[in-house]
Protein chains: 2
Amino acid sequence: MVLFRKARSEELPAIVRLLADDALGQAREVVSDPVDPRYVQAFAAIDADPNQLLAVAVDPKDEVVGCLQLTFIPGLSRTGMWRGQIESVRIAASQRGSGMGSAFIEWAVERAAERGCKLVQLTSDKSRPDAIRFYGKLGFTASHEGLKRSL
Amino acid sequence: MVLFRKARSEELPAIVRLLADDALGQAREVVSDPVDPRYVQAFAAIDADPNQLLAVAVDPKDEVVGCLQLTFIPGLSRTGMWRGQIESVRIAASQRGSGMGSAFIEWAVERAAERGCKLVQLTSDKSRPDAIRFYGKLGFTASHEGLKRSL
């Protein structure tokens with residue numbers, strides 16, 4: 001049985017390993033012991049912000065087997081609608097195909113609904129067709145272009 | 001000369017009118033006098049959150065001729081990168097084609113850079129090809145699918 005809950009600071013090394021264990025993440029992340037201080041700083045910034053929820057999926061041995069970040073965003077449009085935004089979803093290779101990923105996203109959607117969000121959104125790299133199909137099955141519609149500009 | 005700055009609460013009615021003056025916004029927004037209390041509540045939530053910047057473009061008479069919302073999002077991925085997210089961009093019909101929209105987005109990108117963001121992102125409805133072209137000219141790449149699910 002896998003449980004979903006808020007991440008604890010001692011789980012940061014495991015989360016960084018998960019972020020790096022990915023085709024795109026490999027080139028973008030730094031795995032080291034101790035954890036690179038930039039991750040420690042980022043964890044603190046997320047933890048200090050009441051509109052951020054960094055969550056993990058843990059197996060019965062309390063090992064981290066998934067992570068995601070949910071951001072609650074207040075907005076004026078659509079009569080002052082809050083939206084939930086999901087970012088940095090990773091599922092451990094050992095768990096893929098188990099249905100855990102879908103359950104984790106549904107759990108995040110419920111957390112967004114609890115906070116009054118009427119929309120949940122995320123962007124997925126076009127080079128990840130499996131991920132895009134996965135979200136399609138979960139009721140997400142690819143109605144928008146996801147535009148990015150590096151600074 | 002148009003100036004860009006943080007929105008003031010007394011500008012809320014003008015901002016709501018701008019949000020509604022749009023093909024998609026028309027069906028989604030409520031224009032009334034006084035302003036619908038849901039907008040007042042949303043404005044307060046945005047204003048209370050140090051990671052939100054609701055901005056307006058004002059003409060020399062201090063009339064609101066544009067608005068956008070910028071959200072600063074801390075994250076673990078990409079070695080703890082912050083991202084800036086732009087939402088709810090509207091430019092008054094009177095200003096279209098003047099270059100003001102581009103200047104407004106560049107202003108927002110600078111605010112994101114100031115706060116340490118290494119990426120600026122936004123999603124644009126696929127039914128707005130002009131908007132997607134506009135962001136392309138400003139250096140945004142449509143690398144991602146923008147997936148949404150209504151709750």
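Begin by selecting strand E6 (residues 141–150) of chain A together with strand E5 (residues 117–125) of chain B, which pair in the antiparallel sense over 7 bridges; strands here are DSSP runs of at least two residues, numbered from the N terminus, and two of them pair if DSSP finds at least two bridges between them. Within this pairing, pick out A:Glu145, which stands opposite B:Ser124 in E5(B).

Before going on, note that this is a predicted model in which local features need pLDDT of at least 70 and side-chain atom pairs count only at pLDDT 80 or more, while totals for chains, interfaces and linings use all residues. Residues are numbered from 1 along each chain as its sequence is written, chains are lettered from A in the order in which they are written, and side-chain values use heavy atoms, with hydrogens and water left out.

Next, show the whole interface, where 61 residues of chain B are in contact (heavy atoms within 4.5 Å) with 60 residues of chain A. The area buried between the two chains, that is, the accessible area (1.4 Å probe) lost on putting them together, summed over both, is about 5,600 Å², with carbon and sulfur atoms giving 56% of it. Select B:Leu76, B:Leu147 and B:Arg149, the residues of chain B that lose the most area to chain A, together 17% of what that side buries.

Finally, look for the 4 salt bridges that the rule finds across the interface of chain B and chain A, each a side-chain nitrogen of Lys or Arg within 4 Å of a carboxyl oxygen of Asp or Glu. One to display is A:Glu87 with B:Arg83, whose closest N and O atoms are 2.9 Å apart.

Notes. Helices (H or I, at least four residues) and strands (E, at least two) are DSSP runs, numbered from the N terminus.
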